[in-house]
Amino acid sequence: MTPQFDNSYARLPDRFFARTNPTPVGNPGLIAVNAGLARELGLDTDWLTSSDGIAALAGNAVPDGAEPLSQAYAGHQFGGWVPQLGDGRAVLLGEVIDSNGIRRDIQLKGSGRTPFSRGGDGRAWIGPVIREYVMSEAMHALGIPTTRALAAVTTGEVIHRERALPGAVLTRVASSHIRVGTFQYFAARKDVEALQALAHHVIQRHYPDAASALELLEHVIARQAKLIAHWASVGFIHGVMNTDNAHIAGETIDYGPCAFMDEYHPDTVYSSIDQFGRYAYSNQPNIAVWNMAQLATALLPLIDEDMDTAVEKATQAVHRFPDIFHTAWLDLFRAKIGLTGAETGDKALIDGLLTRMATVKADFTNTFRALAEGRGAQAFPDAVAFESWAPDWQARLSRETGDPQALMRATNPAVIPRNHRVEEVIEAALGDDFAPFHSLNSVLATPFELRPKNGAYANPPKPEQVVHQTFCGT
Ligand code: AMP
Ligand code: MG
């Protein structure tokens, strides 16, 4: 009934983590259990939703076989080095092997203070918990690598932020919770033995084909490049691409002030704390390169005994990022305009569309979806902009052999977690109404098909509904 834990991180040296039990809460209540994910993990939904299960999800009881720990890591936050971060509000309960034979972490987030909490309370309020649940499950449904949400519970306790808010705990599932910042933590301490052990662990777990630290670096770079291209293809802005939020296996992790764009513009920023646009939509690939350079630096002692040789090899690996990114980006955007074949003019054709979209402030999601549904002109606030592009596109499509419409319908989502919808759901949850949260999740589970009765979920915000800023909201 309870999870069959098979823990490997807990076998790593003591200095990788602190053994930390979750702090019990006053009055746990179930918000949601993700039955599909539970099945994948071999977990019993009846148990998860029972009072014993809810107690485990709230951190009030530690299930048999769990070995709760908070992980140590460091990171660059907005470019500034922080030598110690770590799980300040999360504990890893342990790992299970899923139905595909893949090792998955089960982590409680918002489960109380840890030795890494610094000034924080180790808690989360219901807003960020619901936000991460909705966003991460939507991302998964879009086919983009991400951490998952297994469950959300309320704590019955009050959290003090700008005001008093209800507390909650998210159960997060990930292929691991290892970050670029985990490597940086040990590199900064010149702990080569730990670096070696971590590299070994990551290779075994995520990149069994990698025969060396250099190959490990190359694999991580390729995964990150493809991930950032995927984000671009759905208009996603992570918002806090710090190295401690850069997942070593290329999953989207740490959904803070993230957002899906409504109107397209490459400079778009939502996060209230990103004053200089470091993590703007179009800057995400540059930042990912920067993050990969930090990983490369951390791995240098493992790459070659001779520092100059190590630097040269690592630099070459990092310099491969742009090519991998652009290839992935072009593949994804070709599909978005219905192309399976490749011609040299394709990049210019796609850029031509994006430039026009930015000029007329077209809705990112709905423009591409409209192309899929053969009503492109309607998606443009200014039809002239579309008509100046459409003939080139039609000419290009005439040289395609496949079914562009079907490809575009399978590639361009009809529905994404729009910011105003997410806000609406959080607002309702604050009044103890979780029905909008469940409805939104169920619509987002099949983003490429939208039943007519759910049509409103595809609507862009009305002027008074536009969300201009998102907040970290820990
Ligand atoms: P984030 O930017 O949300 O990924 O968090 C950055 C760091 O701050 C991580 O080490 C978190 O564990 C820590 N942190 C965030 N919120 C809290 C909190 N309420 N209590 C303790 N630590 C926190
Ligand atoms: Mg983080």
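Mentor: Let us start with a polar contact, which is a pair of N or O atoms within 3.5 Å; within protein, one must be able to donate a hydrogen and the other to accept it, and residues adjacent in sequence count only if both atoms are side-chain atoms. Here, a polar side-chain atom of Asp 121 lies 3.0 Å from a nitrogen atom of ligand 1. The protein buries 85% of the 490 Å² that ligand 1 exposes when taken alone, with accessible areas coming from the Shrake-Rupley method with a 1.4 Å probe, and for residues only the protein chains shown counting as cover. Please keep in mind that this is a predicted model, in which local features need pLDDT of at least 70 and side-chain atom pairs count only at pLDDT 80 or more, while totals for chains, interfaces and linings use all residues. Residues are numbered from 1 along each chain as its sequence is written, chains are lettered from A and ligands numbered from 1 in the order in which they are written, and side-chain values use heavy atoms, with hydrogens and water left out.

Trainee: Which residues come nearest to ligand 1?

Mentor: A residue is near a molecule or strand if one of its heavy atoms lies within 4 Å of it. Of the 17 residues around ligand 1, the nearest are Gly 86, Gly 88, Arg 89, Asp 121 and Gly 122.

Trainee: Is Asn 245 buried or exposed?

Mentor: Buried means under 20% relative accessible area, exposed over 50%, and partly exposed in between (1.4 Å probe, protein chains only). Asn 245 counts as buried because its relative accessibility is 12%, and Asp 254 is likewise buried, at 14%.

Trainee: What does His 238 touch?

Mentor: Contact means heavy atoms within 4.5 Å. Leaving out residues up to four places away in sequence, His 238 touches several residues, including Asn 245 and Asp 254. His 238 is itself buried, at 1% relative accessibility, and its side chain reaches the backbone nitrogen of Val 240 at 3.1 Å.

Trainee: Where is Ser 136 found?

Mentor: Helices (H or I, at least four residues) and strands (E, at least two) are DSSP runs, numbered from the N terminus. Ser 136 belongs to helix H4 (residues 126-141) and is buried, with a relative accessible area of 0%. The side chain of Ser 136 reaches the backbone oxygen of Glu 132 at 2.7 Å.

Trainee: How many residues of helix H3 are buried?

Mentor: Six of the eight residues of helix H3 (residues 51-58) are buried. They pack against several elements, among them strand E2 (29-33) and helix H2 (45-48).
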